[in-house]
Amino acid sequence: MSVKVFTKQELLDIPVISLPKAYQRADQIPLDPTFVFASLEDAQDYVDGESTYGDIAYAGQILSVADSVSGGVKVYKVETDGRLVEIGGGSANCFSAQTYSYAVRLATDDTIGSIVNVIYPETISGDTYSSGLYIITGNNSVAKLGVSSATGDVEGDVENLKARVIALETTVTEISDACYWIDGDSE
């Protein structure tokens, strides 16, 4: 069995029922029995289509596991491959973005230090920004993590830096030569 992944059109085609009133609980039960499970194994059986509910899990579905043994509750999302991924289990903020441009949009002063997983490479003004992990370094600013530069052209970036260092050294030398230096012996 597999998890249902919806296209945009499929989501738009789902018939809806407009209700003139909201639901109100009359007891301590979930509105849908697939919202909460007694164990992670039961939840995974549901996602795998092996529970009494059949093959009805869908990608992006949120469900909880209320473990009566440990007394804890954890919340999970259903991935497209049928894995259950815990939501909010860690302290680090991680985001996912389709492209580099979307990663930059996620970069705010409130998200500095967060990791963004860029899914697809993107070319902007002739520079290609590869897929992979980026860290948010400031408002609208991200930096590529790993052994390559954001453009993926490490050799080109190194040559560019060499040229900039040479230009900087030349400027410093010219300024130094133009300065009047007083040694410790003269007054």
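1. Negative patch. Helix 2 supplies the largest share of the negative patch, three residues. The members are Glu41, Asp42, Asp45, Glu50 and Asp67, gathered on the surface. Asp42 is found in helix 2. Patch residues have over 30% relative accessible area and no salt bridge, with like charges joined within 9 Å (nonpolar side chains, namely Val, Leu, Ile, Met, Phe, Trp and Tyr, within 5 Å). Areas come from the Shrake-Rupley method with a 1.4 Å probe; for residues, only the protein chains shown count as cover. A salt bridge puts a side-chain nitrogen of Lys or Arg within 4 Å of a carboxyl oxygen of Asp or Glu. Asp and Glu count as negative, Lys and Arg as positive; His and the chain ends are not counted. Charges are placed at NZ of Lys, CZ of Arg, CG of Asp or CD of Glu.

2. Basis. This is a predicted model: local features need pLDDT of at least 70, side-chain atom pairs count only at pLDDT 80 or more, and totals for chains, interfaces and linings use all residues. Residues are numbered from 1 along each chain as its sequence is written, and side-chain values use heavy atoms, with hydrogens and water left out.

3. Four strands form an open sheet in the order 1-2-3-4, with mixed pairing. Strand 1 and strand 4 (84-86) stand at the edges with a single partner strand each, so one side of each lacks a neighbour in the sheet. Helices (H or I, at least four residues) and strands (E, at least two) are DSSP runs, numbered from the N terminus. Two strands pair if DSSP finds at least two bridges between them.

4. Parallel pair. Strand 1 (residues 36-37) and strand 2 (residues 62-67) run parallel, joined by two bridges. Phe37 has Val65 of strand 2 as its bridge partner.

5. Strands 2 and 3. Strand 3 (residues 72-78) pairs with strand 2 in the antiparallel sense over six bridges. Val65 is partnered by Lys74. Asp67, a patch member, has Gly72 as its bridge partner in strand 3. Four residues lie between the strands of this hairpin, and Gly71 takes a positive phi near 80°.

6. Strands 3 and 4. These run antiparallel, joined by three bridges. Tyr76 stands opposite Glu86, and Lys77 is partnered by Val85. Their hairpin has five residues between the strands; Gly82 in the turn has a positive phi of about 90°.

7. Strands 6, 9 and 10. Strand 6 (residues 115-118) runs antiparallel to strand 9 (residues 132-138), with four bridges. Val116 stands opposite Tyr134. Four bridges also join strand 9 to strand 10 (residues 141-144), again antiparallel. Gly138 stands opposite Ser141. The hairpin of strand 9 and strand 10 has two residues between the strands, and Asn140 takes a positive phi near 60°.
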